[in-house]
Amino acid sequence: MVGNRELALEVVPETLRPGALDLPVRWAHVSELQNPAPYLVGGELILTAGVDLPERIDRYVRGLRDAGVTALGFGLTPTVHETLPESLRRACARRGLPLLVVPPRTPFLAINRAVSVALTEAGQREQRRITAARETLTRAAGGGLGELTSSLAAVLRSWVALVGAGDVLASAHDAPVPLPLPVRELMATVRAGSGIRSATTEVDGGFVVVQPVYPQATASHLVVVGRSRRLEGADRAILAVGAALLGLVGRAGSDAAELGAAATGLLLGRTSPGEVARSLLGSEVVRLVAGAAYRRGPGEVAQRPDWLRARLDTPLVSVLPGPSFTAVAGAVPLPVLEDLREHGWLAAVGSPVPAGQLADSVAEAELLLSRARALGRPVVAGSGPLDFDALLDPAAAGGFAAKALEPLVALDRSQDRQLVLTLRTWLAHHGGWEPTAAELGVHRNSVRHRIAQAERALQVDLSDPETRMRLWFALRWASPDAHG
């Protein structure tokens with residue numbers, strides 16, 4: 001704010017304490033109250049024209065300082081105060097509250113707008129930093145615990161130590177080994193607790209954070225980070241990513257492909273998935289992405305997990321035979337899906353769901369992928385004007401699907417007839433015998449025979465479009481078990 005020429009704010013030098021101009025501003029707020037402190041949360045830039053400036057000005061300034069206000073902006077105006085009151089200057093200097101003089105030509109609204117823009121830009125910078133750090137750490141995970149620990153230390157500009165039951169397993173950037181007594185005591189406190197948590201202490205003028213790696217939530221393994229400055233919001237987010245990856249590397253080994261497979265399996269396996277999703281993707285609401293080779297198929301480079309991770313902006317990628325892949329991601333823009341298609345992948349993106357319900361999205365993703373194959377283009381759930389998932393009760397829809405498909409599921413389990421798969425593929429191809437047979441790798445007469453079996457088992461007429469619609473709906477909401 002101070003360096004903004006358009007605002008022309010003047011800093012009162014004697015009110016500045018060391019580092020005052022570097023303090024963060026949470027928001028700019030206009031207040032003419034004689035005691036606004038009870039309504040503040042800290043970090044505000046308070047703006048006032050002194051319309052009702054209290055006589056006990058020192059108490060007013062002390063209240064603002066105690067409330068954690070970053071600075072006070074005093075607006076000069078011919079109708080109220082043409083000059084800065086000397087009593088306010090002295091009080092701010094005495095209490096160490098930075099004081100800014102706002103000239104008459106600068107409206108408070110302009111300051112509010114400038115703060116809003118600055119906060120937005122800062123948030124975007126932090127998000128870019130988190131994204132870049134996540135990519136760096138994910139790549140480093142392929143090199144094992146040592147390389148990952150070094151990369152975490154580099155992005156946090158700190159020393160880092162990974163501690164096992166009693167030993168330092170990896171360290172970087174001159175981490176003190178053995179760790180100081182206050183740090184060991186803090187580690188014992190964290191281990192004595194339960195769940196995912198972290199703790200901070202001050203040691204020799206610096207700050208040390210202790211956090212369990214994930215998913216080893218028993219706190220047998222801890223990551224310890226130390227530096228001269230406190231960890232801010234973006235630092236905490238990066239540390240969470242690092243802790244998650246350290247835990248996953250410990251489970252999956254040093255291979256990056258194994259890491260992606262292990263992380264994806266962790267989410268699908270319902271092992272505290274929300275924490276993994278929040279740490280690695282920044283959100284507990286995720287989408288399941290299913291992809292398969294399209295036409296000529298992806299080349300060698302496009303099949304690499306790191307290539308797919310970079311495109312989908314997620315470390316949670318598992319490349320499967322076929323070739324095919326499964327990924328857990330946040331938002332997946334259509335241009336990304338088109339880029340995948342150009343490189344030989346055809347992908348389908350499921351509906352956004354809480355990470356704990358991700359396993360329930362498997363059937364939907366497979367069904368959407370069948371539809372994508374039939375259409376020859378990517379498919380994204382919830383992206384069309386006719387989507388009506390938000391109107392449905394998932395439990396009721398799932399119950400309907402289980403009841404509707406039960407005869408086919410029973411036959412598939414007892415006689416391995418693949419009737420559910422055949423029906424799903426056939427419906428995705430609008431009842432086309434040839435394309436269904438080609439996708440399933442069987443003769444078209446086999447498809448005809450299976451569809452006839454499905455028709456008899458379900459006791460329906462599959463030439464009826466209403467029946468086809470209802471069965472497609474049932475397949476959409478069926479449990480993963482029904483799809484084999």
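User: In the largest nonpolar core, which residues touch the most other members?

Analyst: Keep in mind that this is a predicted model. The largest nonpolar core has 27 residues. Elements giving two or more residues to this core include α3 (108-141), α4 (145-156) and β10 (222-227). The residues that touch the most other members are L137, L148, L152, V223, I238 and L239.

User: Leaving out residues up to four places away in sequence, what does I238 touch?

Analyst: I238 is one of the residues that touch the most other members of the largest core. Setting aside anything up to four places away in sequence, its contacts are R129, I130, A133, L137, L152, V155 and L156.

User: Why do the buried residues of α2 sit on the same side of the helix?

Analyst: Helix α2 spans residues 86-95, and its buried residues are L88, A91 and C92. What covers them includes α1 (57-66), β4 (71-75) and β5 (99-102). They share a side of α2 because the arc they cover around the axis is only 95 degrees.

User: Which strands stand at the edges of the open sheet of 5 strands?

Analyst: The order in this sheet is β1-β5-β4-β3-β2, and the pairing is mixed. Take β2, which is joined to β3 (residues 44-48) by 4 bridges in a parallel arrangement; there, W27 has E44 as its bridge partner.

User: At about what angle does α3 run to β2?

Analyst: α3 lies across β2, β3, β4 and β5. Its direction relative to β2 is about 160 degrees.

User: In the hairpin of β12 and β13, which residue takes a positive phi?

Analyst: β12 (residues 317-320) and β13 (residues 324-329) run antiparallel, joined by 4 bridges, and V319 stands opposite F325. There are 3 residues between the strands, and the one with a positive phi, near 135 degrees, is G322.

User: Is S351 buried or exposed?

Analyst: S351 sits in the loop between β14 (345-349) and β15 (353-354). Its side chain makes a polar contact of 2.6 Å with that of E364. The relative accessible area of S351 is 13%, and the cut-off is under 20%, so S351 counts as buried.

How values were computed
Residues are numbered from 1 along each chain as its sequence is written. This is a predicted model: local features need pLDDT of at least 70, side-chain atom pairs count only at pLDDT 80 or more; totals for chains, interfaces and linings use all residues. Side-chain values use heavy atoms; hydrogens and water are left out. Two strands pair if DSSP finds at least two bridges between them. Buried means under 20% relative accessible area, exposed over 50%, partly exposed in between (1.4 Å probe, protein chains only). A polar contact is a pair of N or O atoms within 3.5 Å; within protein, one must be able to donate a hydrogen and the other to accept it, and residues adjacent in sequence count only if both atoms are side-chain atoms. The arc is that of the directions from the helix axis to the C-beta atoms. Contact means heavy atoms within 4.5 Å. A nonpolar core is a set of buried Ala, Val, Leu, Ile, Met, Phe, Trp, Tyr and Cys residues joined through side-chain atoms within 4.5 Å. Axes are lines fitted to C-alpha atoms, for helices over the stretch in contact, and angles run from 0 to 180 degrees between N-to-C directions.
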